[in-house]
Amino acid sequence: MNVGESFNYWVVMILMMNGLYILIAHGNLIKKIIGLTIFQTSVFIFYISMAKVTGAIAPIIEQNTEQTNLLYSNPLPHVLILTAIVVGISTTALALALVIRIKRAYGTVEEDEIQDMDAHP
Amino acid sequence: MLVATLIAILVVMLLALIRAFAGPTLYDRILAVNLLGTKTVMFIAILGFLSGRAYFLDIAMIYALLNFIGIIGLLRIFEYREAKSNNKGSTW
Amino acid sequence: MESYIHIIILCFLLLTSFAIVRMRDLFSIVMLMGVYGLLSASFFVLMDAVDVALTEAAVGIVISPLLLLSTLAATGRYEKKKRQQPFLALIVAVFTGALLIYGTLEMPPFGSADTPANRHVASYYINQSYAETGIPNLVSSVLASYRGYDTLGELFVIFTAGAGVLALLGLKIKSPKKSRSTVLPPSSMSRHHILRIVSKMLIPLILLFGLYVQFHGDFGPGGGFQAGAIFASGMALYAMIFGLQTTMRVFSRAWLEFFAAVGLLLYGGTGVVSILSGKNFLDYSVLSQSPTDAQHLGILLVELGVGITVASVILLVFMFFASHMTKVSE
Amino acid sequence: MVELTYALSILCLLVGSISNLIAGFGIFHFPDVYTRMHAAGITDSFGTGLILIGLMLQTGWDGPIGKLLAILIFTLITSPTISYVLANTALKEQPPKTANTTHKKTDES
């Protein structure tokens, strides 16, 4: 089995699990958001990897060329991920705004301290 | 020759990446990130050259500019931190 | 040789992500997030996704680290050590990862042309859309024409997220002084004269490049999302060097809120025009006599709407985070 | 003439690659921030410039020479500026290390 055939997918899965690990194991809310961002980016890499066709060029039609039968990569995942990146940063900004509010209300951004405060008000 | 240059740039990127991980100070890291940024610009320019697609150069150009903004942003926050520790406050 | 470069970049990405897991200094982690954005953008270039690479560059290198850093200024730099060792999390992550990797064994090999993802609608786009819309950049035409509803929905999400940030951080950004002659308090970056002059030279170029990406997006890599993100990055540089107050003389909060709505209304309005002319929502064929001209005009308007909304929402969010930092320091 | 240009571009690329490698080695090997900055700052601008000039020589006049020139100018402006601001900021927080001082434990956890 050729390693190059699914190396991308393995890397995506490992990145995703790194994100998941940060999300579960770390108590700091900002670190959790960073974990979420890593998770998100791994999904982007997954989609873009699926769109790649070996020997193809970017999906911009070449007008002044004599070559026919140019191969183009699949444009649809590019469209989906293009919008997903900007939506991702907006939702990250929303999450960070929530963290700032939590800091203002509780004085900390560590998960277990917040839970302690909720348990013993 | 272009491929050899590409390999040299990838090696430099690896070295800069190691420096960015190792630190030890924040300034080392910023220096490494900056080097990595300029090397990425080179990398993409040469890559566009190898594949003969001129629009890669558009991307390389915007990377050069965005890299500058990113580094200035990092440094700006340090200045802010410093101003805060001097209790002077800071104005944006 | 060329088919192995992306493997090297992916290995760099893996190294970066492991370093991020290990570190506790959040400032360094944010810096590595910038590296992560840069490397994933390079990977997108290698995968021929040039439009995605432009967006990821602006968002991953500039905007995401800036927002994270402004939050860090409010919340503190170091992560505290957890009391117990998170073995359970490690087991969960390794187990899930093993299952997912087992799943990838059934995936079609990387780069093959006849996978399910590449067979259905994509071949239609590649073969037909240039004849139907006359726009060489397939990503632009699919984004704004074939999947116009989808993009409208995404734009609503961005707008709503911006409104949410405004609601959560409901501070007043201090409005600039009325009289022009008032000497503004200098930003602490302003003592670097070299930096000021270089930025004065570069900022117009960045904004110009943003406009180029916006309007050249039909023919080369570009479009509304990329242009919005690049434009907002340029203005963020201006705010960092010359101070938030000075920036708000150019783009005040009210104007930015107005523009965020205007972009969305431009997009929706294009759809309403086509309804009023008796066609479906966002059917551009009513805009002109010849079908390709109509598609051109429709895509131009829609991309413009996207660009305006994205730029103003990102800039607004950035300004709120920045002014929050100022408030904390007082 | 064409061969001369080609040979010149090969030379530029070669020297550029070597100076890039020197920058990488310097940033990897040198002991503190200022020496690293010294290694990276000079060779970085030099190597980048040479590689871009080598690429320009290979494209010729009908290639995308304007864009390469723009990248060259941007890099030559931004890279020294960043070095300057970085050194300036670092100098205020942490004095340079000399041969006799021991390296203080810096702001790392």
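Let's start with Asp48(C), which counts as buried because it has 24 C-beta neighbours inside 10 Å; the cut-off for buried is 20 or more other C-beta atoms within 10 Å, exposed is 12 or fewer, partly exposed is in between, and the C-beta atoms are placed from the backbone. Its phi is positive, near 70 degrees, and this isn't a glycine. Most residues other than glycine have a negative phi. Asp48(C) sits in the loop between H2 and H3 of chain C; helices here are DSSP runs of H or I with at least four residues, strands are runs of E with at least two, and both are numbered from the N terminus.

Quick housekeeping. This is a predicted model, where local features need pLDDT of at least 70, side-chain atom pairs count only at pLDDT 80 or more, and totals for chains, interfaces and linings use all residues. Residues are numbered from 1 along each chain as its sequence is written, with chains lettered from A and ligands numbered from 1 in the order in which they are written.

Back to chain C: Leu282(C) has a positive phi too, about 60 degrees. You'll find Leu282(C) in the loop between helix H12 (253–276) and helix H13 (291–329), and it's buried, with 21 other C-beta atoms within 10 Å.

Now, how many residues of chain C are in contact with chain A? It's 83, against 70 residues of chain A, where contact means C-beta atoms, placed from the backbone, within 7 Å. Helix H3 (residues 50–75) gives the most to chain C's side, with 14 residues. That side splits into 56 nonpolar, 19 polar and eight charged; nonpolar is Ala, Val, Leu, Ile, Met, Phe, Trp, Tyr, Cys and Pro, charged is Asp, Glu, Lys and Arg, and the others, Gly among them, are polar.

Zooming in, the axes of H2(A) and H2(C) come within 11 Å and cross at roughly 5 degrees, so the two helices are roughly parallel, the label for angles under 35 degrees. Axes are lines fitted to C-alpha atoms over the stretch in contact, with angles from 0 to 180 degrees between N-to-C directions. Among the residues making that contact are Ile34(A) and Ile45(A), plus Met33(C) and Phe43(C).

Last, chain D: three helices, zero strands, and 39% of its 109 residues count as buried. Contact between chains C and D takes seven residues from each. Helix H2 (residues 33–59) of chain D should span 39 Å, because it has 27 residues at 1.5 Å a residue, and its end C-alpha atoms are 38 Å apart, which agrees; the expected span is 1.5 Å times one less than the number of residues.

Terms used:
Contact = placed C-beta atoms within 7 Å. Parallel < 35°, antiparallel > 145°, perpendicular 65-115°, else oblique.
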